[in-house]
Amino acid sequence: MDIPSLLDTLGRTPSATSRATGLSRSTIYRVRDGLTSPTIETLRELALAAGYDVEVELVPASDPAAAVAARVTTDPATPALDELDDSGVADSGEVGTIHDWVARLQRQAEDDLAALLRLAGRYSAPQHRKGARFFAPKPGVSQERMIDIASSALGRRLGALSGVAAAQAYLGHAPDPGPVVAWTTDVEAVADRLAATLREVKEYQPAGVLVAPTMQAYFIDMMEPEVPGHKVVSPIQAAIDLYGLGYDGLATEITEGW
């Protein structure tokens, strides 16, 4: 349950919610309007008033803004941070999140480009992305055919392939078997098309197809290789994704000489 749904469940005015939770009305207003992120203590009081409690769990990070932050810092083809909003590939809220990631990556990587891309990959790994859908490999179906199936599922929608599909496009080789990543802004539609051919499963399949949601900025500078219709993320996005998937050697090959 997200915070707006929690407030709807309470079904009270800010004044009534304030009395029920012991929180100030100004805090209720700021949380309701998205002007501030509630602390754990604030969130627990809201949850208890609605008959719930809060359980905190650490999960692997996968924030698309981390990858975009690495790109605005290092990639000439990606608009600079102060130009992203006007470019139409990120809204003001996304730009703020990207700004925060720029600061994090620069603190941790300092001036080491390779370290920055590795960190961005770890923080935006597709296999950990909330909302990702996973499809198992099909016996007897080649990796080339798996890439074709994923590409066909994307169709004309905004999206692009990554993982072994990008390694094959840029390097001419890739681990076989290996994961095919399909980034898209419409996971449900792409997953529905894949389900007609492949079996959906609950966990990441290192030799299957992974469909995951992302920001429009991921598709800046994407390319179409020789096979018509196969849209592939840009080289820098491919390297970030390969680092996130654990294929450091392939990512380093792509970035060699940068």
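Predicted model: local features only at pLDDT ≥ 70, side-chain atom pairs only at ≥ 80, totals over all residues.

Trainee: How much of the chain is buried?

Mentor: Buried residues are 45% of the 258 residues. Buried means under 20% relative accessible area, exposed means over 50%, and partly exposed is in between (1.4 Å probe, protein chains only).

Trainee: Can you show me some buried ones?

Mentor: Look at helix α10, residues 164–171, where Val164, Ala165, Ala166 and Ala167 are buried. Their cover includes α9 (143–154), β2 (159–163), β3 (180–184), α12 (235–245) and α13 (248–255). Just past α10, Gly172 has a positive phi of about 80 degrees.

Trainee: New topic: how many salt bridges does a search of the whole structure find?

Mentor: The search finds 4. A salt bridge here is a side-chain nitrogen of Lys or Arg within 4 Å of a carboxyl oxygen of Asp or Glu. In general, side chains of opposite charge can pair when their charged atoms come close.

Trainee: Which residue does Glu200 pair with?

Mentor: Glu200 forms a salt bridge with Arg133, and the closest N and O atoms are 2.5 Å apart. This pair links distant parts of the chain, since Glu200 is in strand β4 (residues 200–201) and Arg133 is in strand β1 (residues 133–135), 67 residues apart.

Trainee: Is Arg71 buried or exposed?

Mentor: Arg71 is buried, and so is Asp75. The two form a salt bridge, with 3.7 Å between the closest N and O atoms.

Trainee: What about Arg32, which residue is its partner?

Mentor: Arg32 has a salt bridge with Asp33, with the closest N and O atoms 3.0 Å apart. Arg32 counts as partly exposed because its relative accessible area is 46%, and Asp33 is partly exposed too, at 45%.

Trainee: Where do negative charges gather on the surface?

Mentor: Asp82, Glu83, Asp85, Asp86 and Asp91 form a negative patch there. Patches are made of residues with over 30% relative accessible area and no salt bridge, with like charges joined within 9 Å and nonpolar side chains (Val, Leu, Ile, Met, Phe, Trp, Tyr) within 5 Å. Glu83 sits in the loop between α5 (64–74) and α6 (84–87).

Trainee: Why does Glu83 count as partly exposed?

Mentor: Because its relative accessibility is 45%.

Trainee: Last one: which residues is Ala49 in contact with, leaving aside neighbours within four places in sequence?

Mentor: Ala49 is in contact with Leu10, Arg12, Ala20 and Thr21, where contact means heavy atoms within 4.5 Å. Ala49 lies in helix α4, residues 40–49. The C-alpha atoms of Ala49 and Thr21 are separated by 6.2 Å, though these residues are 28 apart along the chain.

How values were computed: Residues numbered from 1 in each chain as written. Heavy atoms only, no water. Areas by Shrake-Rupley, 256 points an atom, 1.4 Å probe, with all protein chains shown as cover. Lys, Arg positive; Asp, Glu negative; His and termini not counted. Charge placed at Lys NZ, Arg CZ, Asp CG, Glu CD. Helix = DSSP H or I, 4+ residues; strand = E, 2+ residues; numbered from the N terminus.
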